[in-house]
Amino acid sequence: MNLLHYEVPPTAGLPIYIHDFFSQSDSLEKKLAEFIGVDTVQIECSGTVALVVALMSLKKLSGRQKVIISAYTCPWVPVALIHCGLTPIISDAKKNHFDFDLKKLKASLGKDVLAIIPTHLGGKIADVKNILPIAKKYRVFVIEDGAQALGAKEKKQSVGLLGDIGVFSLGVGKGLSIFAGGVIVAHNKKMFSDIQKTSRDLIPNNYFMELKRLIELMFYYIFYHPSLLRFVFGISLRRHLKKGNFIKAVGDDCAFKFPIHRVGTYRKSIGASALDRFNTFLHKNRIKATQRLNQLAAIQNLKVLTTNRPDETWPFMILILLNEKIRNTILADLWPKSLGVGRLFIKSIADYDYLKPYFKKTNALNAKDFAERSMIVSNSP
Ligand SMILES: *Cc1c(COP(=O)(O)O)cnc(C)c1O
């Protein structure tokens, strides 16, 4: 076996250092609040659970049941909704994008809608500003899903602060990671204390799960390196690809039973120590992305998705090809090759078989087209 068989991580995740395990850093809540620009944040055990706590808090404030999500987003989002007993309403994306088509979004709004969830995917900033007036008109809450966009800013303000609530993920592969974790912010003090209360009432301790996550974080520290990553990632990826199971290959096979527990102080302190390096890391990634975008610009018929903000983040680059056939030809060659080339979410939310029982049959043709013609290239160092 060739030990120098490098595996490029699919996203640019911040590496953990050994000293993170021994540092006596300020609390993660305090440092993340400063990083995001709020008074304080709530930490949960995953981005999904952060969404659950946010949604359960809103649910107490109104009898409404429907939540509008973009047809191209992470399947954990509808899973969180369904877990809360809410009804996902899928609204199609605009052409060549993951973000809402505003016209279609308006058409699906009504007095029975509890919330809209715009998503900042791959560090690209969704248009929240233009949703706010429509949301206000129908008294609908806005939850910004910044799971893939911690550190992304528009006009010096972090994503997640325009809407009523913002959530982020500290999961593996999402920038700053404590292996599994989530963050909730809300600029309104009353809203935030509601969220804290919901969390206190809803989230139990589970010392076994917490210990498991800590050990997994230690393994992440050890294996998050090009020469070792194939043992925990590459080998199983190629096994799924060989079988043609793309949903498993990217981890889109979400389960309706997911862990819900408090995050321990020690694991949080590891994240707090790593957070000191995050801004520099994001800055370097932006420079790298710019160079890589210039190289990609030389390739004909290839579009790189950018929202053209100086403070987008670049965990990977989302490429849009001319058609599905070309995209598939490229991926058949490059995806199994450990180069950090692959796909984001495999399908439109409307097309995952395991989600189909939970909503009316929906046509989301732009999202389907986006799923069929897009691919990602890692921006990992
Ligand atoms: C990963 C992700 C989530 C869920 O976060 P976890 O920490 O994995 O539970 C939600 N939304 C988006 C857009 C994501 O990428």
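Mentor: One term to start: buried means under 20% relative accessible area. Also, this is a predicted model.
Trainee: Okay. Is K268 buried or exposed?
Mentor: Buried, because its relative accessible area is 16%, and the cut-off is under 20%.
Trainee: What does the K268 side chain meet?
Mentor: E29, in a salt bridge with 2.7 Å from N to O. E29 sits in helix α1 and K268 in helix α10, 239 residues apart.
Trainee: How many salt bridges are there in the whole structure?
Mentor: A search finds 21. One of them pairs E7 with R238, with the closest N and O atoms 2.6 Å apart. E7 is in the segment before α1, and R238 is in helix α8, 231 residues away. E7 is buried, at 1% relative accessible area.
Trainee: What about K95, which side chain does it meet?
Mentor: D369, at 3.2 Å from N to O. K95 lies in the loop between β3 and α4 and D369 in helix α13, so the pair ties together parts 274 residues apart in sequence.
Trainee: Are those two buried or exposed?
Mentor: K95 counts as exposed at 52% relative accessibility. D369 counts as buried at 17%.
Trainee: New topic. How many residues does α11 have?
Mentor: Helix α11 has 20 residues, 278-297. From first C-alpha to last, α11 reaches 28 Å, close to the 28 Å expected.
Trainee: Which α11 residues are buried?
Mentor: Among them are F278, F281, L282 and R286.
Trainee: And what covers the buried residues of α11?
Mentor: The cover includes α1, α10, β10 and β11.

Notes:
Residues are numbered from 1 along each chain as its sequence is written. This is a predicted model: local features need pLDDT of at least 70, side-chain atom pairs count only at pLDDT 80 or more; totals for chains, interfaces and linings use all residues. Side-chain values use heavy atoms; hydrogens and water are left out. Helices (H or I, at least four residues) and strands (E, at least two) are DSSP runs, numbered from the N terminus. The expected span of a helix is 1.5 Å times one less than its number of residues. Buried means under 20% relative accessible area, exposed over 50%, partly exposed in between (1.4 Å probe, protein chains only). Contact means heavy atoms within 4.5 Å. A salt bridge is a side-chain nitrogen of Lys or Arg within 4 Å of a carboxyl oxygen of Asp or Glu.
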